[in-house]
Amino acid sequence: MRLIPVLTLCLALAAPAFAKPHLREVPEIDDTLMQIAIADEIRKTCDGINARMIRAFAQVTQLESRAKSLGYSSDEIDDYVSSKSEKRRMREKASGWLAAQGVKADDDKALCAFGKAQIKNDTYIGSLLR
């Protein structure tokens, strides 16, 4: 039967179209995780600004659930969040995002002022802080 080799070839050619992207390429996951990381850096850096830990934990749990609903395994998620190269990439991404907001990531005073403004304006980052 010639049909089986043809079907096999079609499936093999179509498989890449069904492959899911790396989690870093899923904006709803990567961008939200970046904002959580920025909030975490603000709370570590700035006296008088604390984290809303339960809210932050809930957000991380929601991200994990969303990633799983998109078909990612626990191992894929763990690899994404624990990889040294991903952490480095995320720091660079966050620094670039902060720079676009007019904040140098290594300027503690500017970062703390930014954090206070985020809280005041009730942004996503601000909602993770108090």
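Reader: Is lysine 20 buried, partly exposed or exposed?

Author: This is a predicted model, and the answer rests on accessible area. Buried means under 20% and exposed means over 50%. Lysine 20 has a relative accessibility of 38%. That value falls in between, so lysine 20 counts as partly exposed.

Reader: Which residue forms a salt bridge with lysine 20?

Author: A salt bridge needs a side-chain nitrogen of Lys or Arg within 4 Å of a carboxyl oxygen of Asp or Glu. Here the closest N and O atoms are 3.4 Å apart. The partner of lysine 20 is glutamate 76.

Reader: How many residues apart in sequence are the parts that this pair ties together?

Author: Lysine 20 lies in the loop between helix H1 and helix H2. Glutamate 76 lies in helix H4, residues 74-82. So the pair ties together parts of the chain whose separation in sequence is 56 residues.

Reader: Is glutamate 86 buried or exposed?

Author: Glutamate 86 sits in helix H5. Its relative accessibility is 6%. The cut-off for buried is under 20%. Glutamate 86 is therefore buried.

Reader: What is the distance between the closest N and O atoms of glutamate 86 and arginine 24?

Author: These two residues form a salt bridge. It links distant parts of the chain, 62 residues apart, with arginine 24 in the loop between H1 and H2. Arginine 24 is partly exposed, at 33%. The closest N and O atoms of the pair lie at a distance of 2.6 Å.

Reader: Which helices hold aspartate 31 and lysine 93?

Author: Aspartate 31 forms a salt bridge with lysine 93, and their closest N and O atoms are 2.6 Å apart. Aspartate 31 is partly exposed at 32%. Lysine 93 is also partly exposed, at 26%. Aspartate 31 lies in helix H2, and lysine 93 lies in helix H5.

Reader: Which residues do salt bridges that share partners join into one network?

Author: A search of the whole structure finds 11 salt bridges. Some share partners and form one network. Its members are Arg24, Glu25, Asp30, Asp31, Glu86, Arg89 and Lys93.

Reader: Is the aromatic pair of tryptophan 97 and phenylalanine 114 stacked, tilted or edge-to-face?

Author: The structure holds 1 aromatic pair. Its ring centres are 6.1 Å apart, with 75 degrees between the planes. Planes over 60 degrees apart count as edge-to-face. So the pair of tryptophan 97 and phenylalanine 114 is edge-to-face.

Reader: Which residue of that pair is buried?

Author: Tryptophan 97 is in helix H5, and phenylalanine 114 is in helix H6. Tryptophan 97 has a relative accessible area of 25%, which makes it partly exposed. Phenylalanine 114 has 9%, and buried means under 20%. The buried residue is phenylalanine 114.

Reader: How many helices does the protein have?

Author: Read along the sequence, the pattern is α-α-α-α-α-α-α. There are 0 strands. The number of helices is 7.

Reader: What share of the 130 residues is buried?

Author: Phenylalanine 114 is buried. Glutamate 86 is buried as well. Across the 130 residues of the protein, the buried share is 27%.

Note on methods. Residues numbered from 1 in each chain as written. Predicted model: local features only at pLDDT ≥ 70, side-chain atom pairs only at ≥ 80, totals over all residues. Heavy atoms only, no water. Phe/Tyr/Trp six-rings, centres within 6.5 Å; stacked < 30°, edge-to-face > 60°. Helix = DSSP H or I, 4+ residues; strand = E, 2+ residues; numbered from the N terminus. Buried < 20%, exposed > 50% of the residue type's maximum accessible area, 1.4 Å probe, protein only.
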